[in-house]
Amino acid sequence: PSTAVTQNPTQNFVEEELKRLKKEGSDIDLVLAIGGGSVIDVSKLFAAFLKNDIPLSQFLEESTELTEQPVPLIAVPTTAGTGSEVTPYASLATPEPKKVTLEHYFFILGLP
């Protein structure tokens with residue numbers, strides 16, 4: 001991303017960065033996450049939504065299914081405790097503000 005991922009990343013941040021990444025080209029073939037739980041969670045969302053044209057907001061509101069395989073993701077955790085690199089979950093803060101946890105089997109690293 002063009003800016004650092006903060007603790008408790010926001011829906012707006014993820015949507016804006018996805019928009020920027022998609023605009024820059026569809027030739028992204030790998031997402032590399034080096035950091036703590038927030039960095040890995042955001043990277044999971046990037047990997048999944050770069051290949052799926054479903055808006056993140058629609059996924060949040062309607063639990064719409066993701067159908068396209070995510071971009072491969074490599075995660076290098078630099079903290080201990082969140083376990084984000086081994087779970088099917090990704091958390092972010094919505095505009096309400098409210099922290100939500102998204103779940104999808106695409107968010108488990110290494111699974112197609």
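This is a predicted model: local features need pLDDT of at least 70, side-chain atom pairs count only at pLDDT 80 or more; totals for chains, interfaces and linings use all residues.
Two packed helices are described by the angle between their axes and the distance between the axes. Here the pair is helix α1, residues 11–24, and helix α2, residues 37–51. Their axes lie 10 Å apart. The angle at which they pack is about 45°. That angle makes α1 oblique to α2, because it falls in neither the roughly parallel range (under 35 degrees) nor the roughly perpendicular one (65 to 115). The crossing of α1 past α2 is right-handed.

Residues from both helices build this contact. On the α1 side they are F13, V14, E17, L18, L21 and K22. On the α2 side they are V42, L45, F46, F49 and L50. Nine of the contact residues are nonpolar and two are charged. None is polar.

The largest nonpolar core of the model holds 27 residues. Within this core, the residues with the most contacts are V14, L45, F49, L66, L92 and L102. The helices α1, α2 and α3 (56–62) each supply at least two core residues. Helix α2 gives the most, with eight residues.

Leaving aside residues up to four places away in sequence, V14 touches V42, L45, F46, L56 and L92.

Q11 is located in helix α1. Its relative accessibility is 9%, so Q11 counts as buried, the cut-off being under 20%. With residues up to four places away in sequence not counted, Q11 touches L56, S57, L60, L92, A93, T94 and P95. L56 and L92 are also touched by V14.

N52 sits in the loop between α2 and α3. At 1% relative accessibility, N52 is buried too, because this value is under the 20% cut-off. Again not counting residues up to four places away in sequence, N52 touches K22, L66, T67, E68 and F106. N52 and E68 are 16 residues apart in sequence. In space, their C-alpha atoms are 5.6 Å apart.

Notes: Residues are numbered from 1 along each chain as its sequence is written. Side-chain values use heavy atoms; hydrogens and water are left out. Axes are lines fitted to C-alpha atoms, for helices over the stretch in contact, and angles run from 0 to 180 degrees between N-to-C directions. Helices (H or I, at least four residues) and strands (E, at least two) are DSSP runs, numbered from the N terminus. Angles under 35 degrees count as roughly parallel, over 145 as roughly antiparallel, 65 to 115 as roughly perpendicular and the rest as oblique. A crossing is left-handed if the near helix is turned anticlockwise from the far one by less than a right angle, and right-handed if clockwise. Contact means heavy atoms within 4.5 Å. Ala, Val, Leu, Ile, Met, Phe, Trp, Tyr, Cys and Pro count as nonpolar, Asp, Glu, Lys and Arg as charged, and the others, Gly among them, as polar. A nonpolar core is a set of buried Ala, Val, Leu, Ile, Met, Phe, Trp, Tyr and Cys residues joined through side-chain atoms within 4.5 Å. Buried means under 20% relative accessible area, exposed over 50%, partly exposed in between (1.4 Å probe, protein chains only).
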